[in-house]
Amino acid sequence: MSKIIYAGEKTRIDLTSKNISKLMFVAHAKAASGLSSSTSLIDWEKINVTGILKQANREYNIFNGNLFTLLKESAIFSNDWAQISTPLTLVSGVSAIQYGFIDFGGILNLDNDDKLSVDIRTNDDIWAASATGDSYLEFSEIEDIGLQYVLPKINVLAVKAAETVFAETLGDNVTSIVFINDDKTGVLTADKIIDSVQIKSDRYNANKNYTDLLVERIDKYPSLTAANARAQSFSLVKDELDKCSIELNLVSGSVTSGNNYVVYRNFEAPAQTVAKASVKAQRHKKVAENKVVS
């Protein structure tokens, strides 16, 4: 389903009877002439989105936050990273798009009475001055194939301005932790936000300084250019952890308001969801076995 949203609007989109892996957001910037091709045409941070999943006889808030942070977190290892902030020109000076995804990292099987409600609220001033009132945001879901064994959650925690220490207990079933920064563009010491990070859990403990983060990040990307394009945003954990906590020691003078976030993913595994997926898996196995030619 595709939905068009204009600046200053608030809308709810209900998704049912689908198998969904991602949500896609495309910013269509329009102008009579003079549309920028080098700077962002939309302020994703002025768009707030919330996902409420009704499943397994309960309602779950599975994501909530400004759209910039959610899109960047999903794209931390993706080529889509650049396109969130950089216009893709369709007609020079007249039409361009920017896009990104909220990636669940798996499948949501929306069956029977299951429903994913996506609330989108846009400020009046989401567009750059060179864009006109004809500009709009397009929402759609990406369908995929697979089974859902868990309820995925994306949690966004804001870091306060001038914070020196950010410490949080994240709990069990943590699968990733990403630090997202919005206002730094380089990797020089002058750009540094995180001085050091300490992560504790049941099976993994780490204490890393800024140099460690930079060096480890290079190994995660095909080139130094791709790694450094993330500037002061870092993937801190990509593994399943229980009893997880995090402490960031920050360069307080570099921590500005509304530009730094810790985003972590975790999951719940309701018995009903796991049982439903197991039944489907057995059914799929039987279908596959019946296709075998002796």
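Which residues line the largest cavity? This is a predicted model, in which local features need pLDDT of at least 70, side-chain atom pairs count only at pLDDT 80 or more, and totals for chains, interfaces and linings use all residues. Residues are numbered from 1 along each chain as its sequence is written, and side-chain values use heavy atoms, with hydrogens and water left out.

The largest cavity is lined by Phe77, Lys208, Leu213, Glu216, Arg217, Lys220, Tyr221, Phe234, Ser235 and Leu236. Helix 3 (210–218) and strand 15 (234–237) are the elements that give two or more residues to this lining. A cavity is a set of points on a 1 Å grid over the protein atoms alone where a 1.4 Å probe fits but cannot get out, and its lining residues have an atom within 4 Å of a point. Helices (H or I, at least four residues) and strands (E, at least two) are DSSP runs, numbered from the N terminus. The volume of the largest cavity is about 80 Å³.

Ala27, Ala29, Leu41, Ile42, Ala96, Ile97, Gln98 and Trp127 form its lining. Strand 7 gives the most, with three residues.

Helix 1 (residues 67–74) is largely enclosed by the rest of the structure, because eight of its eight residues are buried, that is, under 20% relative accessible area with a 1.4 Å probe, protein chains only. Lys72 and Glu73 are among them. At the start of helix 1, a side-chain oxygen of Asn66 comes within 3.2 Å of the backbone nitrogen of Phe68.

Technical notes
Buried means under 20% relative accessible area, exposed over 50%, partly exposed in between (1.4 Å probe, protein chains only). A polar contact is a pair of N or O atoms within 3.5 Å; within protein, one must be able to donate a hydrogen and the other to accept it, and residues adjacent in sequence count only if both atoms are side-chain atoms. On a 1 Å grid over the protein atoms alone, a cavity is a set of points where a 1.4 Å probe fits but cannot get out, and a pocket is an open set with protein on both sides within 12 Å along at least five of seven lines; lining residues have an atom within 4 Å of a point. Grid points are joined across faces, edges and corners, and a volume is the space filled by probe spheres set on the points.
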